[in-house]
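Please open the structure in your viewer and keep the sequence panel beside it.

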Amino acid sequence: MFENKISYPCAIADDTDEGRNAALRWLIDHMEDSEKITLWVPLKQTLRANNFLIRLSNDRKIRIRSREPLRYVRSSLGPVLAMYVSPDRLAYVANANGIKALAVVRGRYQLETWARETRSEELRGGSIVMRSGEGGSVEGELSREIVKVLERLTSGLNQNNSLTSYGEEKSLAVSHLLQLHDKGVFFPVEQMVEWCAAHGWGPKRPAELGYLADRINQGTRPQMTPTYKRRFDEISAVD
């Protein structure tokens, strides 16, 4: 079974002076004297967003990276501070080799599913609630039937292959998603993307799955290979 769930410690903080500073202190507690903190921002101009980022961008002990996957950094990363990560960029950050600890400062996205699945430490009050429901989902959690499909895809997909190109990987994902859709399930795309990132999906794959799920929500039925289409029709006929 393919499983590469995030194993290093994670933390999450709000975009406040207290939250940002708490995230930095948390990372310092997880670093060695010889290491640098890597700062990831979505855009270079983000470095001018506030005094905190301006100060870090001028610190020689801070390694700056923007947009590109952190796996392109050749040296061992050590602790990473990720600012304002969107759900579709989480896997770009989280899949880097050598991450020792990851602190995420929230922007417009609350990232509740990511925080829950990675057991992120809440550094300064917020809306993350670590809880599970009986007999179904609770607010902020994916339903059990969606999680089961995501687990099957985690174990069955080749993460080296695109989910948007015609082929087996796309067909496998589409067939599972359509089976739920035809039972009346509406997909919470952002939560699904966050779950995939927390479970070690490749940098582009969570966003690709989210794209497929969104299209299906809108009524599109993406194309499958003849073999998968035949299997899907057979299963649908039984159901």
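What percentage of the contacts in the protein chain with a separation of 6 or more comes from residues 24 or more positions apart? The share is 67%, where a contact means heavy atoms within 4.5 Å. This is a predicted model, in which local features need pLDDT of at least 70 and side-chain atom pairs count only at pLDDT 80 or more, while totals for chains, interfaces and linings use all residues. Residues are numbered from 1 along each chain as its sequence is written, and side-chain values use heavy atoms, with hydrogens and water left out.

Begin with the whole protein chain in a cartoon view, where nine helices and six strands can be found; these are DSSP runs, helices being H or I with at least four residues and strands E with at least two, numbered from the N terminus.

Next, colour the residues by accessibility: of the 239 residues in the protein chain, 50% are buried, a word that stands for under 20% relative accessible area with a 1.4 Å probe, counting protein chains only. Select C10, which counts as buried because its relative accessibility is 4%, and then C196, which is buried too, with a relative accessible area of 0%.

Now select R89 together with Y92, where the charged end of R89 sits over the ring of Y92, 4.0 Å from the ring centre. To count, NZ of Lys or CZ of Arg must be within 6 Å of the ring centre and within 35 degrees of the ring normal. Finish at R231, whose charged end sits over the ring of Y228, 5.3 Å from its centre.
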